[in-house]
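Please read the points below with the sequence and the model open beside them. They are meant for someone who has not looked at this entry before.

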Amino acid sequence: MFASLPDKPDHPALERQLLEWWQAEGIFDRLRAQNSGGPKWSFIDGPITANNPMGVHHIWGRTYKDLFQRYKALRGFDQRYQNGFDSQGLWVEVEVEKALGLGSKRDIEEYGIAEFAARCKERVAHYAGVWTEQSSRLGQWMDWDNSYLTFSDTNIEYIWRFLKTVHERGWLYKGHRSTQWCPRCGTSLSQHEQTGDDKYVELVHPSLYVRFPLAEREGESLVIWTTTPWTLPANVAAAVRPDAEYVLTPEGEWWAKERKGERVATETKNGSELVGWRYRGPFDDAPALEGIEHRVIPWDDVSLDEGSGVVHIAPGAGTEDFELSRMHDLPVLVPVNESGRFLPEFGFVGLTTEEARDPIIAALREHDLLVEAGEITHRYPICWRCATPLIFRVVDDWFISAQEIRQPMMEANATVEWTPSFYSKRMDDWLRNMGDWNISRKRYFGLPLPFYPCECGTLNVVGSRAELEQRATAGLDQLQELHRPWIDAVSISCDSCGKEVRRIPEVGDAWLDAGIVPFSTLGWENPKWVEHGYANGASTGLSGADLPDHVYWEEWFPADWVSESREQIRLWFYSQCFMSVTLVGRSPYRAVLAYERVRDETGREMHKSWGNAIEANEAFERMGADVIRFLYCEQIPSQNVNFGYGPADEVKRRLLRFWNCVKFFVDYANVVKFEPGASPVGELKMLDRWLLARTDQLVVEMTEAYERFWTPALIRAFESFVDDLSNWYIRRSRRRFWDGDAAALSILLHALVRSVQVVAPVMPFLAEHVWRVLRADDAPASVFLAGWPETGDRDDALLAEVAAVRQVVELGRQARSTSGLKLRQPLRRMVVQGAGAAAAHAEEIRDELRVKDVEFGEVEAMEVRVKPNLPVLGPKLGKELGPVRAALAAGAFEQLAGGGIRVDGHELGANEVLVERTAREGWALAEEDGVTVAMSTELDDELLLEGRVLDLIHRVNTMRKDAGLALTDRITLTLPEEDADLLQHEQWIKDEVLATEIRTDRVAEPQVAKT
Ligand SMILES: [Zn+2]
Ligand SMILES: [Zn+2]
């Protein structure tokens, strides 16, 4: 007996049970043992930030990762299953600051860097636990005890080694640059962090026109425009466009002519004539401005589309300004400190750039320098981590030059197979345009940059802990891990002069941490295997991961496949590629699957504050993990997915069709006590042979879809198979199941078992459950231990025939429904044109469409009307249009292959005419892809009577079901007397409703009684 099934599955309950069962039976361990020593398939997990609980948007990627690992496991591949957690850097720091109520870097320092590091570590440890639990709930099979955490000393040492290498190549440099700066985080940010639409918001800023009085032209001023008043105290120059004309207004103001208009001019000059003029700055009284001479400089990029055509230049507070300072040898004044607060020597002391706005405007007004003050709304960059509006500061940062590596990286990318394929070009675009990599952050809990500059001019870069220990002059004894503050206490001796040198305070960009993973976790160039050797430093106790040896690295590098969201092109895909090409000259991955973003079910972004975000746990318990996985798999990865309870309910409804097939089998198999494999299969009918071929076809289609990492094709193949199974095989074989036909039962069982095997990676729980219900006693306990099904020779001709039959039947149904003829009304005749492969199956078509006679041939019941497509044909035919039109209207035309028409001596293409096909009186038509079906709609008394019989059968069977009768129960049927004429078909009715007797009586409705 098969375990009987409820009407619908309770996904979350079933999933919880299976998680327990997998655990108790050690199924995952058995799978790994079974595949151990098999061919290798290397997946490298991109580290997820262990910082907050999982959201449903994280599940998309996790679904892919688990799905393809499960598929490869079913194919017998040996795999590593190592999960990764990103565990240091700005994102962890910002969350810990929030939790502790720390608002600035000074607060952190007062709190204590060691204490702060401890809190960061605790947060990572906590959320690594949460993620492990939530990922397991999704069904993700990973070696959770051996996750890697990027803050381990091993990971840090591998990055040091990389940095030493780039230094040896001459790519490492300290840049004095204007960079985007977050005043809250107190650090600069790099190009790859700040790319993307969500890094900008609409903000309202002041729009000021300000006078700069000219030194040598009494009563005249330049007028400049700015939206950042806080930069005015750092002004040193004003730029004009040399080839533009400037006018002097009667008020004594110089503007670009294009901005002010000619008629106000009392004098006109070329921009080049203004160059060299000196002016008084608006805040020249401040100590920082002492001795600064302001002058007009030329700049070809001055915009004449906005502002005044004169640009205020503050090299310490803007990127282009800074570049101009180099060309024109201008002083660089940085007016604000790390927190974006004014430095004392600029006035406005202690105010933020925001807070200084009104005092600055008031001061300008007081000195009669303000021409006009308004507001402007514009897109403005914000910090990717804390959403604070950014400013520009000129600071010293550390960079890796991208110039030499750019071409080799592009060559490496050319070897990668991207899915979807056009992402390859996105990566190329990024590589082509990438600037130098800004790797330093002025922060605390991150990779300590191992840079020890010496006043002799040597930059000492330490490449390993061993080297640090060997060169240390002090501080080693307290070095508990390679993090601040402990690392800061270690000094070393300079390579060149032997002087004691100290580390710079900066930490590294978190993408260094993630990018090194294909080396640090696989033991690149490590001479011998160290047990638990990866999990050291901050990750001690959080993981048991080993540090493998170089042989292992050679076996598992590069990754056969990686998968992350598309934005990782400029982040993890980029940083890994950069580091890998630097260290070993090749791409660290062979294939990539990338995907877009998760939106809510109406297509809006999800935000906690908007109330439309869905927590992963809530989704697991309300939708079920399988349903979520199915929903993500169906999605085209290059498009945003709309996620929510509505779409999930729709998936559940669709999965029910498969469930119903399984339940149908179980119910009928149990009625006849069918034993799989025990009874002889019996003689196969055509339909059985078709289902065998169709099942093989499913296996082949699914295999192909998995092999090309294209999940939408998995869902399409599976659902089309379920449709064939349910709406063709089962429905067409219903009577055989009633009779307990062993062949039908065993073929159906085979089809169901195969389908759960191939769909198991998509929805592991439902598949496992069904496997356990259906599996033979000698089959493996879990579908995941059963391997991948083999396929044999397939009867493709039969598949094509049945596909044609199904198309004809579908068109027949459409034709009926356009004429309002329900399927239970038998019809006399139909004609099929263009589906020759279906001709051998006329019997089935007759049966399906309830039509007495099926003919294959030309459909004559069709009228074709052709009209000229006037916008196209009018210009082409000119005055000949009239006669052509008349000939078409009269039906004097000939149809050509390909949809064209010959008329009145012209051959017209399919796009030049509008063809309408309509049915003649008494016929209903439907057509698609060259197949046309015509159904006769005329009804006679015999057909009408049969229609009533079928209505009755349907009704009685519904009553049987509602009365809770078993499939085999026999009944007595009582009909109203006025339905006595239906008894002309007494035997037919008896057979269909399992009635032993039918009588008539004075009842209003049919009555059913169990005998
Ligand atoms: Zn910030
Ligand atoms: Zn030195």
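1. Arg-622 is placed over the face of Tyr-645, and the distance to the ring centre is 3.6 Å. A second case of this kind is Arg-70, which lies over the face of Phe-784 at 4.5 Å from the ring centre. Please keep in mind throughout that this is a predicted model.

2. The zinc ion (ligand 1) is held by the SG atoms of Cys-182, Cys-185, Cys-383 and Cys-386, at 2.2 to 2.4 Å. The arrangement is tetrahedral, because the four donor atoms subtend angles of 104 to 118 degrees around the zinc ion (ligand 1). Along the sequence, the spacing of these donor residues is C-x2-C-x197-C-x2-C. Distant parts of the chain are linked here: Cys-185 is in the loop between strand E4 (172-182) and E5, while Cys-383, 198 residues apart from it, is in the loop between strand E15 (370-381) and E16. Both Cys-185 and Cys-383 are buried.

3. Cys-456 sits in the loop between strand E20 (451-453) and strand E21 (459-461), and Cys-494 in the loop between strand E23 (491-493) and strand E24 (500-501); the two are 38 residues apart, and the pair links distant parts of the chain.

4. Are Cys-456 and Cys-494 buried or partly exposed? Cys-456 has a relative accessible area of 38%, so it is partly exposed. Cys-494 is at 4% relative accessibility and therefore counts as buried.

5. One open sheet consists of four strands in the order E5-E4-E16-E18, with antiparallel pairing. Its edge strands are E5 (187-188) and E18 (437-438), each of which pairs on one side only. Strand E16 (residues 391-400) runs antiparallel to E18, and two bridges join them. Within this part of the sheet, Phe-399 stands opposite Asn-438 of E18.

6. How many aromatic pairs does the structure hold? The count is 55. One of them is the pair of Trp-437 and Phe-578, which is edge-to-face, with 5.0 Å centre to centre and 65 degrees between the planes. Trp-437 belongs to strand E18 and Phe-578 to helix H19 (residues 572-584), so this pair ties together parts that are 141 residues apart in sequence. Trp-437 has a relative accessible area of 1% and is therefore buried. Phe-578 is buried as well, with a relative accessible area of 0%.

7. A single aromatic cluster is formed by Trp-41, Phe-43, Phe-68, Tyr-71, Trp-561, Tyr-706, Phe-709 and Trp-788. Phe-709 deserves a separate look: its phi is positive, about 55 degrees, although the residue is not a glycine. Phe-709 is located in the loop between helix H23 (686-707) and helix H24 (711-732). At 7% relative accessibility, Phe-709 counts as buried.

8. Glu-525 is another non-glycine residue with a positive phi, about 55 degrees. The loop that holds Glu-525 runs between helix H17 (517-520) and H18. With 43% relative accessibility, Glu-525 counts as partly exposed.

9. Pro-420 is in the loop between strand E17 (417-419) and helix H14 (423-433). The bond from Phe-557 to Pro-558 is cis too, with omega near -5 degrees. Pro-558 is in the loop between helix H18 (550-556) and strand E26 (562-565).

10. Glu-855 is part of strand E31 (residues 851-856). Leaving aside residues up to four places away in sequence, Glu-855 touches Arg-829, Met-830, Val-831 and Val-832. Gln-833 is 22 residues apart from Glu-855 along the chain, and their C-alpha atoms are separated by 8.7 Å. At 28% relative accessibility, Glu-855 counts as partly exposed.

Terms used. Residues numbered from 1 in each chain as written. Chains lettered and ligands numbered in written order. Predicted model: local features only at pLDDT ≥ 70, side-chain atom pairs only at ≥ 80, totals over all residues. Heavy atoms only, no water. Buried < 20%, exposed > 50% of the residue type's maximum accessible area, 1.4 Å probe, protein only. Pairing = 2+ DSSP bridges. Donors = N, O, S within 2.8 Å, 3.2 Å for Na, K, Ca; no water. Tetrahedral: all angles 85-135°; square planar, octahedral: opposite > 155°, others 65-115°. Phe/Tyr/Trp six-rings, centres within 6.5 Å; stacked < 30°, edge-to-face > 60°. Lys NZ or Arg CZ within 6 Å of the ring centre and 35° of its normal. Contact = heavy atoms within 4.5 Å.
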